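Work through these exercises with the structure open beside you. Try each task before you read its solution.

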Amino acid sequence: MKSSQVVDSSVDVSANSQQRPPVLRISDLSKFYMMGEVRVDALKHISLEFHAGELAVLLGASGSGKSTLLNIIGGLDVPSSGKLFFHGREMTAATEAELTAYRRRSIGFVFQFYNLISSLSALENVQLVTEIADNPMPAEEALRLVDLGHRLNHFPAQLSGGEQQRVAIARAVAKRPELLLCDEPTGALDFQTGKLVLDVIEKVNREIGTTTLVITHNASIAGMADRVVRLRSGEISEERRNLTRLSPSELVW
Ligand SMILES: Nc1ncnc2c1ncn2[C@@H]1O[C@H](COP(=O)(O)OP(=O)(O)OP(=O)(O)O)[C@@H](O)[C@H]1O
C-alpha cells in the first residue's frame, strides 16, 4: 500500500457478523458546483455502503445528483468534501496515478449511449479493453455472456441499440471489474429492448458476482435490485432492501 493511501479503520464489522466489510463506503460526501455567483449543491452529506455482489439501484429525478454520485464512485470526479473508501483504501486521498489504476482495473462503466467505435467489430471493440487489462476474460467469452456470441463480427451499425448496449456491457465486464457502474443503461432503449439489457446486467451480477450499481429515473427498475437508494435534491430520501429480486422480465413500465 502506498503512503498516500489512508486505511479506513472505522468499518464496523461487528454490527453484522454475517457481513464482510463493504467493497465501497461513502462517508459524508458532498459536491457543489459554482455557476458564476450561484452555488449548486449536487450532493449533500451522502453516506452509503455497498457490499460484494450486491445489485443496487439508485433512483432519482433528473438533477437529483445520480450521475454526480456515480462519477465520484467511479473516480471520474472528486467530491467537494467527504470520503470514498474502496476496500478500506481512501480513494479521495489517492494520487492521480492511483485513481487511474482504480478506474482501469476495478471499474466497469456503462453509459446511456454506448460509445462503441464504429469502424471496429463487436469483438474488436471488446478486445480494445482485453488487450490492456491485467487478467481479462477472452473477448469472445464476454460477448457470449451478454448473449452476443453470434454477432462477434458485426459492426455497430449492423447491430440494434440493445445489441450495441450489450457490446458495451461486454466491454465493461471483460476486464473483470469489481464494480460495474451503469448510468441510465436503458435510457435510449424501448421497453422490451431495455429489459433485455437489464437481463444481461442481472446475469453478470449473478454469474460473476460483480457488485453492480444501476442509476435510473425509472422507479420500475428498482424491483430487480437487492437494495434501492433514492436521491432527491442531492440527499438520500429513501433506502430500502428488497426481500426478493424480480427478474427484469417481470418488470413493467
Ligand atoms: N459540471 C457541472 N456544473 C454545474 N452544475 C452541474 C454540473 N454537473 C451537474 N450539475 C448540477 O448538479 C445537479 C445534479 O446533477 P446530476 O447530473 O448529478 O443529476 P442526475 O440525477 O444524474 O440528473 P439526470 O437524470 O438528468 O442525468 C444538477 O442540478 C445539475 O445541474
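Predicted model: local features only at pLDDT ≥ 70, side-chain atom pairs only at ≥ 80, totals over all residues.

## Exercises on strands, helices and a ligand shell

**Exercise 1. State in which sense β1 and β4 pair, and over how many bridges.**

Step 1. Strand β4 covers residues 81-86. β1 pairs with β4 in the antiparallel sense, over 5 bridges.

Step 2. Take one pair as a check. Ser27 has its bridge partner in β4, and that partner is Lys83.

**Exercise 2. Describe how α3 and α5 cross, and decide whether they are roughly parallel or oblique.**

Step 1. Locate the helices. α3 spans residues 122-130 and α5 spans residues 161-173.

Step 2. Take the geometry. Their axes come within 8 Å and cross at roughly 25°. Angles under 35 degrees count as roughly parallel, so α3 is roughly parallel to α5. The crossing of α3 with α5 is right-handed.

Step 3. List the contact. Ala122, Asn125, Val126 and Val129 of α3 meet Val167, Ala170 and Arg171 of α5. By type, the contact has 5 nonpolar residues, 1 polar and 1 charged.

**Exercise 3. Describe in the same way how α5 packs with α6.**

Step 1. Helix α6 covers residues 191-208. The axes of α5 and α6 are 9 Å apart, at an angle of about 20°. This angle therefore makes α5 roughly parallel to α6.

Step 2. α5 and α6 make a right-handed crossing.

Step 3. Look at the contact. On the α5 side it includes Ile169 and Val173; on the α6 side, Leu196 and Val200 are among the residues. The contact of α5 with α6 divides into 8 nonpolar, 4 polar and 1 charged.

**Exercise 4. Work out how many residues surround the ligand, and which element gives the largest share.**

Step 1. The ligand is surrounded by 13 residues. The closest are Tyr33, Ala42, Ser62, Ser67 and Thr68.

Step 2. Sort by element. β1 (24-35), β2 (38-50) and α1 (66-73) each give two or more residues to the shell. α1 supplies the largest share, 3 residues.

Step 3. Sort by type. The shell around the ligand holds 4 nonpolar, 8 polar and 1 charged.

Terms used: Residues numbered from 1 in each chain as written. Axes fitted to C-alpha atoms, helices over the stretch in contact; angles between N-to-C directions. Helix = DSSP H or I, 4+ residues; strand = E, 2+ residues; numbered from the N terminus. Parallel < 35°, antiparallel > 145°, perpendicular 65-115°, else oblique. Left-handed = near helix turned anticlockwise from the far one by under 90°. Contact = placed C-beta atoms within 7 Å. Nonpolar A, V, L, I, M, F, W, Y, C, P; charged D, E, K, R; others polar. Near = placed C-beta within 6 Å. Pairing = 2+ DSSP bridges.
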